[in-house]
Amino acid sequence: MKKLTFIIAALFLAAILPAKAQDISFDSDNNAPYLGVRLGLDISCPTDMHINLGSAHFSAPMFDNGAGFDIGAVYNIPLWKNLYFEPGLSLYYNTMGIDVSYADSEGAIPDGTELSASIRRFGFRIPFQVGYHVDFSQFSLAAFTGPVLTTGIIGRGHASAKYQGIKETESENIYGGDGILNRVDLGWKIGVGATFDRFVLQLSGTIGMCNVLNGADGAKYRDNNVALTLGYNFSL
């Protein structure tokens, strides 16, 4: 995520520095509230699972990257000059893989068995972004940041095993009392965006702030994600 932060900042500066001073506005006279719709490609970037067993500390890459989508709406509220507040609401679906090399620690699975496992989640997100846009003659650039509350509605863990041509599958709920993950998470988003007329293109990353594992003493892991988002703004 540190590399993502550097890339976002570099892109923002690279776009601003070559512009002529007279083409830049830091205090637009036409700022007004608007409603926007957003559709994004969602890339899950889970951290390693960190395990603390008394004197033993180690990390394990239990989860792999996955992909999904995010669709929703935002309401942009000008605060002061080009500073704005932008709450929103979106629905998301994303996946992430499970590293099956940790699934057979006792050697109970026959050699030659093909294993695969994944987690699929559907829920909603509520972002509360604060940003600042710089206006040019043909477009505007913005940098934004703020917390994102995520709540899972449906979450399933899927696993399959194939041995000697016979395939078996299993699916179970990952939420609830016996589930492995918590429904609610809090992240912090940072990103940049460009607006051309009413069309929007954004690149952002969200850093997980909470342990997502449910009831795992001495173990923790956090959800991160990267999103590439397209949007359209409607004037009110």
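Reader: Which strand gives the most residues to the lining of the largest cavity?

Author: This is a predicted model, in which local features need pLDDT of at least 70 and side-chain atom pairs count only at pLDDT 80 or more, while totals for chains, interfaces and linings use all residues. Residues are numbered from 1 along each chain as its sequence is written, and side-chain values use heavy atoms, with hydrogens and water left out. Strands are DSSP runs of E with at least two residues, and helices are runs of H or I with at least four, numbered from the N terminus. Among the strands that each supply at least two residues of the lining are E1 (34–44), E5 (66–80) and E7 (114–135), but the largest contribution, seven residues, comes from E6.

Reader: How much space lies in the largest cavity?

Author: A cavity is a set of points on a 1 Å grid over the protein atoms alone where a 1.4 Å probe fits but cannot get out, and lining residues have an atom within 4 Å of a point. Grid points are joined across faces, edges and corners, and the volume is the space filled by probe spheres set on the points. The search of the whole structure finds one cavity of 30 Å³ or more, and the space in the largest cavity is about 610 Å³.

Reader: Which residues of the lining are the closest to the centre of the largest cavity?

Author: The lining of the largest cavity holds 14 nonpolar, 18 polar and 10 charged residues, where Ala, Val, Leu, Ile, Met, Phe, Trp, Tyr, Cys and Pro count as nonpolar, Asp, Glu, Lys and Arg as charged, and the others, Gly among them, as polar. Of these 42 lining residues, the closest to the centre are Asp70, Arg125, Val148, Lys189 and Thr206.

Reader: Is Asp197, with its positive phi, buried or exposed?

Author: Most residues other than glycine have a negative phi. Asp197, in the loop between E10 and E11, has a positive phi of about 60 degrees although it is not a glycine. Buried means under 20% relative accessible area, exposed over 50% and partly exposed in between, with a 1.4 Å probe and protein chains only. Because its relative accessibility is 70%, Asp197 counts as exposed.

Reader: What is the relative accessible area of Lys81?

Author: Lys81 lies in the loop between E5 and E6, and its phi, near 50 degrees, is a positive value in a residue other than glycine. Lys81 is partly exposed, and its relative accessible area is 39%.

Note on methods:
On a 1 Å grid over the protein atoms alone, a cavity is a set of points where a 1.4 Å probe fits but cannot get out, and a pocket is an open set with protein on both sides within 12 Å along at least five of seven lines; lining residues have an atom within 4 Å of a point.
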